[in-house]
Amino acid sequence: MTAEITAKSLKKRKFKENLVAYSFILPNFLGFAVFTLGPIIFAVYLAFTTWNGSGPITFVGFKNFKNLITDELFLTALKNTLVYCVAVVPLTVVCSLFLAVMLNQKIFARNFFRTVNFFPYVASLVAVAVVWNMIFNPAKGPVNQLLMLFGVPDDKLPRWAADKNWAMFTVILFSVWKNTGYYMIIYLAGLQGISAQLYEAATLDGASKHQQFKYITVPQLRPTTFFVIVMLTIQCFKVYDQIYMITQAGPGTATLVLVYHIYNTAFIDWDLGYASAIAMVLFLLVLAVTLVQFRGERKYANA
Amino acid sequence: MALVLSAGMVFANGQKEAPAAKGPVTLKWALWDYAQTVYYKPLIEAFEAENPNIKIEPLDLGSTDYQTMLSTQLTGGDSSIDVVTIKDIPGYATLVKAGQLVNLNDYVKAKKINLAQYNGGAEQMTVNGNLYELPFRSDFRIVYYNKDVFDKAGEKYPTNDMTWAQYDALARKMTSGSGAAKVYGNHYHTWRSIVQCEAILDGKNTVVNPPYDFMKPYYERVLNEQQDGICMDYAQLKTTSTHYSGVFYNNSVAMMEMGSWFISTLSNQIAQGKTEVKNWGIVKLPHADGVKAGTTVGTITGIAVSNASKKKDAALAFAAFLTSEKGATVLAKTGNYPGIMNDNIAGILSGMKGFPQDAASKEALKTTKLYLEIAYSDKALQIDAALNRAHDSIMTKNCTLDEGIAQMNKDVKDILSK
Amino acid sequence: MQTLNVTKSSRIANITWKSFVYFILGMSALLTLIPFVWMLSSSLKLDKDVFRFPIEWIPKHPRWSNYKEIWETIPLGRFIFNTAKLTVIVTFLQMLTSSFAAYAFAKLNFKFKKTLFLCYISTIAMPWQVYMVPQFIMMRGFHLNNTHLAIICLQAFSAFGVFLMRQFYQSIPDELCEAARIDGMNEYQIWGKIMLPLSKPALSTLLIFAFVGTWNDFLGPMIYLTKTELKTIQIGLRMFITQYSSEYGLIMAASVVVLIPVLIVFLSLQKFFVEGIASSGIKG
């Protein structure tokens with residue numbers, strides 16, 4: 001008798017708990033579903049069609065994906081995007097964590113330094129990209145002037161954004177410079193969540209600053225680092241604005257990335273179906289990488 | 001599920017609106033740089049004065065990315081835009097291909113519009129016998145030169161009848177100095193059309209038909225000038241987004257190929273005291289051996305009517321006004337070059353304040369033949385993109401000239417075969 | 001005796017560390033300040049002089065009139081007002097709905113939790129360029145084209161915000177919530193009275209990002225706001241580049257002016273990033 005009642009009331013309580021949880025999610029999810037999720041699902045459907053935005057939508061099955069395999073521009077864009085990702089993610093994580101740790105201590109003019117590092121992220125992209133191109137000007141920019149001072153001969157000077165071998169490097173540097181401030185903020189917030197008592201206890205035990213960093217800071221920052229790496233990876237795969245501003249995917253196709261190719265296909269060729277297909281591949285790639293990272297986090301959390 | 005279905009229905013059918021009510025009609029006119037361009041207001045006022053029951057509402061979509069914006073706004077059969085300004089052929093081709101423009105053949109016949117007044121412009125816009133836009137502005141390329149720089153060097157001004165070889169030689173004579181005080185003989189803006197379109201002026205080739213080996217001699221001339229420091233380095237110009245106007249204002253260049261639109265900008269800036277250059281002139285574009293002087297590159301900005309517009313009659317009337325002699329006169333009075341060119345219009349233009357008063361400059365306005373920057377092709381936008389990539393590689397020396405041309409040939413052949 | 005030695009060597013280590021820190025910070029400040037100085041100096045030049053080499057760091061004839069011209073050439077005041085309005089509304093909505101939803105993902109257990117969360121995160125991976133056209137056609141169907149409401153609807157419900165807040169909520173110990181439940185609080189009270197106050201750094205972070213994101217947003221307003229009186233700052237900046245000229249001096253001046261509100265917001269939130277705030281609660 002009691003077992004039945006307990007089972008029923010357990011089920012009822014579970015139902016109520018689910019309802020409460022959903023009520024928390026509803027405001028955000030409803031807006032998200034209508035304005036974002038809907039169009040995304042439609043875009044996924046488009047990947048299997050041909051459509052120019054105005055005419056009829058024709059279903060073509062996997063034809064778009066078959067064309068992808070032989071599309072030279074797609075393969076170049078894929079390679080460039082991967083290179084960009086592999087370079088930017090670790091560099092940005094290291095720089096932003098480093099800066100955050102330094103700016104979390106009591107030092108002179110701390111707010112000034114925090115603001116200064118945040119500035120590249122905040123300033124308008126148009127202005128900042130122009131500035132960067134000026135500084136890295138192939139002939140007379142300050143960077144090359146400096147290199148000349150160090151004795152690099154005139155014809156060996158890298159021509160940065162105008163050189164197919166250095167263009168990607170220039171964009172990578174720009175992205176790291178621009179985004180470090182952003183991720184520094186996230187790390188700063190994460191650092192606030194670490195109890196000061198942990199550090200006090202460690203100092204009493206005689207641990208050095210280096211040891212404290214390795215055994216307290218890094219592990220405690222796990223959820224934050226996870227967030228940073230996932231967001232960075234996604235942002236790197238989706239990069240477009242920086243490329244547009246600095247090199248316009250040039251010279252040639254040296255800095256052509258996936259989203260740039262998608263944009264060209266969608267708004268120059270007006271081949272929206274094919275553009276969606278490229279996006280599907282991009283999406284699956286990112287999903288795979290994110291899942292791997294999720295697995296990694298869960299394994300650690302359970303350890 | 002229901003969401004996706006209803007969304008699908010919206011996409012498939014476009015908007016269904018109630019029929020327009022009788023009474024004052026408001027037309028939306030898609031354009032760019034509304035506040036910065038002097039002729040939009042006078043044109044609107046002149047038309048509204050003659051047609052009191054039609055109001056014109058400008059829609060400024062911005063100059064950069066104008067075509068992308070316009071095409072996006074028109075997707076899915078949108079009826080809110082009535083009259084569209086079209087920047088260039090690739091934009092025109094994109095809109096025609098998507099069936100978004102009204103076929104003007106019947107209207108032209110009914111209103112007896114004389115297409116000859118556009119000096120061949122209308123013919124170059126005709127696609128399979130159908131005309132979808134009327135020439136509104138027609139700018140052509142000329143050579144601007146800095147009289148003060150020439151006087152200082154003691155050299156004779158360029159003439160209205162030079163070959164490319166003579167142009168090159170003159171530029172080499174005019175280059176002097178170094179560092180901040182350097183004067184370059186020539187200036188080539190970073191657009192691919194500056195170099196590539198020089199090659200089409202003998203009428204034997206177009207930019208939309210590979211192979212492109214005919215462009216070689218012209219690229220060689222420019223690359224050599226770049227190598228020898230006769231003109232500025234392309235990579236430099238590209239990465240700093242340097243505008244051609246700045247270098248001319250600074251007395252840093254002796255000569256420059258540019259479109260006729262720059263005449264009114266230049267006069268204005270000099271009048272406002274924002275430039276160092278004070279005395280300048282224009283001459284016709286150099287020509288190849290055997291080609292008549294006065295043959296030059298042209299760009300046409302057209303006016304068209306959206307196929308989805310609910311107010312086609314009013315829209316067509318407005319489009320016709322803008323491209324008529326009346327509209328052309330308003331344009332000319334503001335120093336801009338309309339699609340119609342005759343002695344009357346030319347007179348107004350050369351009488352503008354600030355227009356160089358020497359005979360050669362006035363003579364430079366008389367063109368003999370205009371070749372469009374890019375001929376009509378329904379793949380024009382993609383071909384333009386492929387040619388841009390190759391031009392960039394060639395001029396930044398990231399590949400040799402032969403490699404660049406081979407790449408152009410390959411890419412465009414691929415595009416045309418799809 | 002031993003304690004004295006430890007203090008001495010640790011003091012030297014301290015000084016070495018501090019000097020290293022100042023050196024690195026100085027270098028990074030230089031790296032970020034040089035471009036800013038170039039921006040400032042360009043904002044006082046004519047366009048034709050902005051890209052001249054050698055770089056004239058201090059203009060000979062500074063054009064202070066640039067700062068006046070930007071308000072006259074484009075309706076910059078109007079644009080700033082529009083942008084501020086959008087930014088405030090979107091930021092508030094984002095903070096509210098994201099922290100609300102994140103609580104459920106971090107601290108509650110319910111059916112489909114993992115799937116829903118993965119759904120959220122994976123959509124961040126879709127580049128906007130892909131679904132921009134279907135979204136645009138849909139919004140037009142809702143008659144939201146050329147309204148500020150369109151931008152608000154698109155930006156206020158952010159998967160990114162949910163992800164960010166959830167990560168921070170995870171670092172708040174579960175014991176706190178358990179204790180509150182035993183005390184008789186319902187979930188909404190726990191969210192309002194415990195989670196929110198403890199997540200001030202996270203909320204400030206989200207505020208900054210939402211603020212800057214909306215303030216600098218370009219593609220959304222470009223597509224949806226074609227009527228001049230609705231446009232925002234970023235579109236306004238691009239109006240300085242016309243078909244036949246570019247006014248980079250004015251662009252730089254406007255960029256400097258527009259930077260100020262953001263820096264003010266950032267500085268005023270710094271007090272939430274002071275170390276040691278969140279150590280409370282464990283002793284309970």
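Student: What percentage of the 284 residues in chain C is buried?
Tutor: This is a predicted model. A residue counts as buried when its relative accessible area is under 20%. In chain C, with its 284 residues, the buried share is 57%.

Student: How many helices and how many strands does chain C have?
Tutor: Read the elements of chain C from the N terminus on: they run α-α-α-α-α-α-α-α-α-α-α-α-α-α. The count for chain C is 14 helices and zero strands.

Student: What is the radius of gyration of chain C, and what would a compact globule of 284 residues have?
Tutor: Start with the box. Along the principal axes, the C-alpha atoms of chain C fill roughly 70 × 70 × 30 Å. A compact globule of 284 residues would come out near 19 Å, but the radius of gyration of chain C is 25 Å.

Student: Among contacts in chain C between residues at least 6 apart in sequence, what percentage joins residues at least 24 apart?
Tutor: Contact here means heavy atoms within 4.5 Å. Take the chain C contacts between residues at least 6 apart in sequence; the share joining residues at least 24 apart is 72%.

Student: Now chain A. How many helices and strands are there?
Tutor: Chain A has 303 residues, and 55% of them count as buried. Its secondary structure comprises 13 helices and two strands.

Student: What is the radius of gyration of chain A?
Tutor: The C-alpha atoms of chain A fill a box of roughly 90 × 70 × 30 Å along the principal axes. For 303 residues, a compact globule would have a value near 19 Å, but chain A has 25 Å.

Student: What area do chain C and chain A bury between them?
Tutor: Count residues before area. Chain C puts 101 residues into the contact and chain A puts in 98. Carbon and sulfur atoms account for 78% of the buried area, which totals about 8900 Å².

Student: Which helix of chain C gives the most to the side that touches chain A?
Tutor: Look at the polar side of this interface too. The rule finds 13 residue pairs in polar contact between chain C and chain A. On the side of chain C that touches chain A, 19 residues come from the top contributor, helix H1 (residues 2–42).

Student: How do the residues of the side of chain C that touches chain A divide into nonpolar, polar and charged?
Tutor: Salt bridges across the interface of chain C and chain A number zero. The residues on the chain C side divide into 74 nonpolar, 21 polar and six charged.

Student: What area is buried between chain C and chain B?
Tutor: Here 31 residues of chain C are in contact with 36 residues of chain B. Carbon and sulfur atoms give 56% of the buried area, and that area is about 3100 Å².

Student: Which residue of chain B forms a salt bridge with C:Lys48?
Tutor: Chain C and chain B have two salt bridges between them. In the one made by C:Lys48, the closest N and O atoms are 3.1 Å apart. The partner of C:Lys48 is B:Glu276.

Student: Which helix of chain C gives the largest share of the side that touches chain B?
Tutor: The rule finds 12 residue pairs in polar contact between chain C and chain B. Helix H2 (47–50), helix H6 (128–141) and helix H12 (219–224) of chain C each supply at least two residues to this side. The largest share is seven residues, and it comes from H6(C).

Student: Why does C:Met132 count as buried?
Tutor: C:Met132 lies in helix H6 of chain C. Leaving out residues up to four places away in sequence, C:Met132 touches A:Phe267, C:Ile223 and C:Tyr224. The cut-off for buried is under 20% relative accessible area. C:Met132 counts as buried because its relative accessibility is 3%.

Student: How many residues of helix H3 (residues 66–74) of chain B are buried?
Tutor: The buried residues of H3(B) include B:Tyr66, B:Met69 and B:Leu74. They pack against elements of three chains, among them H12 (258–267) of chain A, H4 (89–97) of chain B and H6 of chain C. Helix H3 of chain B is mostly covered, and the buried count is nine of its nine residues.

Student: Which residue just after H3(B) takes a positive phi?
Tutor: Go just past the end of H3(B). The phi there is about 65°, and the residue is B:Gly76.

Definitions and conventions. Residues numbered from 1 in each chain as written. Chains lettered and ligands numbered in written order. Predicted model: local features only at pLDDT ≥ 70, side-chain atom pairs only at ≥ 80, totals over all residues. Heavy atoms only, no water. Buried area = accessible area lost by both parts, 1.4 Å probe. Salt bridge = Lys/Arg side-chain N within 4 Å of Asp/Glu carboxyl O. Polar contact = N/O pair within 3.5 Å; in protein donor to acceptor, adjacent residues only side chain to side chain. Helix = DSSP H or I, 4+ residues; strand = E, 2+ residues; numbered from the N terminus. Nonpolar A, V, L, I, M, F, W, Y, C, P; charged D, E, K, R; others polar. Rg over C-alpha atoms; globule rule 2.2 N^0.38 Å. Buried < 20%, exposed > 50% of the residue type's maximum accessible area, 1.4 Å probe, protein only.
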